[in-house]
Amino acid sequence: MSCPALPEGFDFTDPDLHEHRVPLPEFAQLRQTAPVSWIPQRHGIAGYEDDGYWAVTRHADVKEVSTRPEIFSSHRNTAIIRFNEHIQRDQIEVQKLIMLNMDPPEHTRVRQIVQRGFTPRAIRSLEAALHDRATRIVAGAKENGTGDFVTDIACELPLQAIAELIGIPQQDRSKIFDWSNKMVAYDDPELAITEEIGAESAMELISYAMNLASNRKQCPAKDIVSALVAAEDQGNLGSDEFGFFVLLLAVAGNETTRNAISHGMHAFLTHPEQWELFKRERHATAADEIVRWATPVMSFQRTATQDTTLGGQSIRAGQRVGVFYSSANNDPEVFDRPEVFDITRDPNPHLGFGGGGPHFCLGKSLAELEIRLIFNAIADTLPGIRLTGAPRRLRSAWLNGIKELRVSYA
């Protein structure tokens, strides 16, 4: 049942592989020869009691899986395609409280409440504060002369955006950054973050958010938290639901946008003609191309709720199905010359914010705003920014992360 086009034992979720590269050549092989292909794994290596998953590599098939939650469930085994092999099942079950890992109708109920915080008006209300923050972040980096772009610039604005959105005091914002880092870094031994530390950080973040929600329930204010937890006759989030929502924001909003910005800067500096074009013309299409090129979340998974067929393959109930956004975003059936970084690309139907359906990213507009603001600030203040070293990649099963990007700001 394995695909003959791949070397024996090849696994698209292998964190050792992603520490060095995104497997774009192997994705291309599968799109051409077996676009829905069984990938065998050693039993239990992904944290599940099974022996592999189906890899879905074509743009059209990823969209189909994403828009059929009644057949392809996020809830059965969560959306995370690979945990540490030593994770206990009860630790996976707890993660089903996160909106990412829900199915309709429960997902529908929670999303209808949460989207109050992501209305166009709510996002516009953040723009002035985030513009000011982006300007200060870049000015601070310029004073350093040289540094790590990830820690100096890329990580700060997404953190501040989430903190502004839910009203986290400035003095507490570094805690959110630290906790979110530890939650997703357990695959990378250099960061010395164990799965236990990651779980502890998650609980600390949830506890912090639950306390914030409890305070707003008692004393509502004119802010997003109150709109989510203290709304009368509109439905609201319980304190625990709000805690898990903030947990999701810390990863889905913070880590992903940070990595989009880091990959975007690297793309600009390795495609200098695109950087010159952006500095001159500030194309509105740049943010979408940065997200397509980076695809910060390489993959999620679904679990078949019944026997079904996809891409000509018979999938049995209970089998896991990996949707590989990195492959879909490089599908030549959809994108002209996908290997080219082109900030004028339009249309750009990338799946960097998900493949549609109930789990399409609520924070799309906020992420695009952050990307636009930070690159405008860089172009204004650091037009001569240049690389001084190769990017160092995060060892992760599903995040396309850059943990260090050395640059000169002069």
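In what follows, a residue is called buried when its relative accessible area is under 20%, exposed when it is over 50%, and partly exposed in between, using a 1.4 Å probe and protein chains only. With that in hand, I can say that buried residues make up 57% of the 410 residues in this chain.

Please keep in mind that we are looking at a predicted model, in which local features need pLDDT of at least 70 and side-chain atom pairs count only at pLDDT 80 or more, while totals for chains, interfaces and linings use all residues. Residues are numbered from 1 along each chain as its sequence is written, and side-chain values use heavy atoms, with hydrogens and water left out.

Now to helix H5, residues 106–114, where His107, Val110, Arg111, Ile113 and Val114 are buried. Why do they lie on the same side of H5? They cover an arc of only 160° around the axis, the arc being that of the directions from the helix axis to the C-beta atoms. As a general point, an α-helix has 3.6 residues a turn, so residues three or four places apart point the same way. The cover over the buried residues of H5 includes helix H11 (224–229) and helix H12 (239–270).

Helix H14, residues 286–294, is a further case: seven of its nine residues are buried, so H14 is largely enclosed by the rest of the structure. Among them are Glu289 and Arg292, and the buried residues of H14 pack against H12, helix H13 (272–281) and helix H16 (364–381). After H14 comes Thr295, whose phi is positive, near 40°.

Finally, consider Thr78, which sits in the loop between strand S3 (72–73) and helix H4 (89–94). Thr78 counts as buried, because its relative accessibility is 0%. If we set aside neighbours within four places in sequence, the residues in contact with Thr78, meaning heavy atoms within 4.5 Å, include Tyr48, Phe83, Asn101 and Gln301.

Note on methods
Helices (H or I, at least four residues) and strands (E, at least two) are DSSP runs, numbered from the N terminus.
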